Each structure stands twice: as structure tokens, then as C-alpha cells.
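Me: I'd like to learn how to read a model like this one. Could you walk me through it, one feature at a time?

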Amino acid sequence: MGYVTRDEAARRLLAGDVVAIPTETVYGLAADATNAAAVARIYAAKGRPDFNPLISHIADPTQLAGLTLPDSRADRLAAAFWPGPLTLVLSRAPNCPVVAAVSAGLDSLAVRIPSHPLARELLAMVGRPVAAPSANRSGHVSPTTPEHVLASLGPDMPVLDGGPCQVGLESTVVGLTGPQPLLLRPGGIAVETIEAVLGERLGHPQDAKLQSPGMLLKHYAPALPLRLDATAPLPGLREGLLSFGPVPAGFAAQYSLSASGDAAEAAANLYAGLHALDRTDLQGIAVAPIPEAGLGAAINDRLRRAARGR
Ligand code: TXA
Ligand code: MG
């Protein structure tokens, strides 16, 4: 199958088929969130465990009303960050048309409005919430180009080409089902920026398994072992370096996340760098230290999961 047009992608979604779509964060494997058979095709194509819920994507904030219960904090965050890389987890409305499998049986629903222009056009054409996890085999590195999608899910997967993703990291997921807003996943909008709009600190869930099942799994992992906070080569080991700032000598290969040490630029290049250095002629991937401030926190979250997941 390979590449499809926007109109073909819309036809496929309305017919209950899956299609990979661009967003500003990562490519998503999309299906009609109101169609149980279509949603089942997402889980099957990814090899994803069915206890890990999916994000529903909408075109317009007015679509939220029928899906979730009203929440003034959600209204403020939506006004500030939508369209954009923020996902809100809210209580499902009584007659929410999104099938239970999207929520993996939870009584909450994760929703966002992506900012990629092609994604927004497509979602407006479809007019229904569209479920979309990252368009990769479960546990593997997320795709930020159409080529990554085809390499992970196979050349027969239909893909809408929207170019390389501008943000490059998944959305920040904020839980609003309880009295305190919770950070369920760091991502494309820095925690500090969200807290400034909310006027309060985000809590960190004690039991992440209950709050956001996806966070416990092996995730974002390349085939090669990852070595974090690497400042120099290890003797005798053929490692490729993901560099941040100046490049130390002596590594077998190198991919620059950001020569100037800019976290947003590094986020946009992170998954492409992991894909590029995951080579059979290397023995490992070394990653330079990345400061925790701003998007650095989300980058380090992904790198720690990728390193631990092996
Ligand atoms: O940027 C993104 O968010 C991308 C693009 C395609 O939109 N999507 C994405 O989806 O990263 P996925 O499925 O890879 O990650 C969804 C995250 C998981 O950590 C999942 O556990 C959490 O959101 N999640 C989804 N629904 C939830 C719910 N009802 N309660 C708690 N966490 C939820
Ligand atoms: Mg994912």
C-alpha cells in the first residue's frame, strides 16, 4: 500500500480501516475511535497489549463536550495549548461514543487536538474522534518520518506523508479525573509551562500503573543497548554517540541532537537519531548528558525507558 492521499486516508478511516497519519509529535496509527472493529485493528497492527489505552484525536474543542465531563482546568489548558502536544485525561461523558477498548476499560478518556495542518484537515473531514497511538510496533522507537512507519509496521501500511514531525516527542499527558492535576507522561510541552497556566503544581502519580498503564511498559527501545550520560568512548566498544552540544572524539559514529545544546531541537531529532544509530555494525548507542530543564525532562524520560526496557 504505502503512501495515500488525505482524501484516501479519510475514506479509509470512515470505512473502519487503519492508516498512519502525521502529527506534530510523532506519526500515529489512526482508526475511527467509535468503531470497535477498527480500534481492534490498531492493537493488532502494533502488537499492543489491550490494557494500554489510546488517545482520541479531535479537530475542534467543541467536539469535547459529548466525549468527556466538563472541567474548568481542561478549558484553560485547551485554550492555552490546543492545537498542540498536550493530551488531557478526563472522565468519560455518560453517552461517550468512543468505544470502551480505546479507554482499555477505564472510565476516563485521553483527548488531544494535534496541530499538524494535514492532521487537522483529515480530522475535520472525518468528523469523529480518531484513536491513534504512535505508529510503531509496541515497545519500539516512535516514528517521526513516514519511512520510520514503513520500517516498523511494514511496507503495506498506508501512510499519509506529512514530512518529518516538528516536535518529535509524544504529547504531555495530564490527568484531570481527580482533585489534583497529575503528570501522567512528560512530553512535547514542558511541565513548567503547563503549571504556569494552571497556577498549581502537577502531581506525580504514586501508582503510575493505575494512572497511565502505558508508562510501565518497555518503551521507545532500539535494538542496541543504550548507555546514558556518556562523556567519553569506552575502550574496545564500537558505540555510536547521540551528541548534545560539543562532540567528544573517538566514537565509531555520531548523530547530533543539537550542536548548540537546544532541548527543543534535540527533542525533534531524538527518535530520528535513535533510528539512525540502531545499526548492525555498531555494538551500542551512547547518549551525551542532557540537562533536565524544559523539554530535557521528557527527552530523559524516553531515554531512561529505552535503556531500561531491554
Ligand atoms: O503525541 C502523542 O500523544 C502521540 C500522537 C500520535 O498523538 N500518541 C501517543 O499515543 O503517544 P500512545 O498510545 O503511544 O500513548 C498514549 C499514552 C499512554 O502512556 C497511555 O497509557 C496514556 O496515554 N493514556 C491513554 N488513555 C489514558 C487514560 N484513559 N488514562 C490514563 N492514561 C491514558
Ligand atoms: Mg507510543
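Me: How many salt bridges does the rule find across the interface of domain 1 and domain 2?

Reply: First, the ground rules. This is a predicted model, where local features need pLDDT of at least 70 and side-chain atom pairs count only at pLDDT 80 or more, while totals for chains, interfaces and linings use all residues. Residues are numbered from 1 along each chain as its sequence is written, chains are lettered from A and ligands numbered from 1 in the order in which they are written, and side-chain values use heavy atoms, with hydrogens and water left out. A salt bridge is a side-chain nitrogen of Lys or Arg within 4 Å of a carboxyl oxygen of Asp or Glu. Across this interface the rule finds one. Arg 302 also pairs with Glu 170 in a salt bridge, with 3.1 Å between the closest N and O atoms. Glu 170 and Arg 302 belong to a salt-bridge network with Asp 301 and Arg 305.

Me: Where do the two domains lie in the chain?

Reply: Domain bounds come from an automatic or database domain assignment. Here it gives 3–198 for domain 1 and 226–309 for domain 2. Their centres, taken over C-alpha atoms, are 27 Å apart.

Me: What area do domain 1 and domain 2 bury between them?

Reply: Buried area is the accessible area (1.4 Å probe) that two parts lose on being put together, summed over both. For this pair that's about 1200 Å², 63% of it on carbon and sulfur atoms. On the domain 1 side, Val 141, Leu 169 and Pro 186 lose the most, together 42% of what that side buries.

Me: Which residues of the largest nonpolar core touch the most other members?

Reply: In soluble globular proteins, nonpolar side chains tend to be buried together. A nonpolar core is a set of buried Ala, Val, Leu, Ile, Met, Phe, Trp, Tyr and Cys residues joined through side-chain atoms within 4.5 Å; buried means under 20% relative accessible area, exposed over 50%, partly exposed in between (1.4 Å probe, protein chains only). The largest one has 45 residues, and the answer is Leu 77, Leu 86, Leu 88, Val 102, Met 157 and Ile 194. A second, separate core of 28 residues includes Val 26, Val 141, Leu 270 and Leu 274.

Me: Are Arg 112 and Glu 24 buried or exposed?

Reply: Both are buried, and they form a salt bridge with the closest N and O atoms 2.8 Å apart. By contrast, Arg 279 is partly exposed at 31% relative accessible area, and so is its salt-bridge partner Asp 281.
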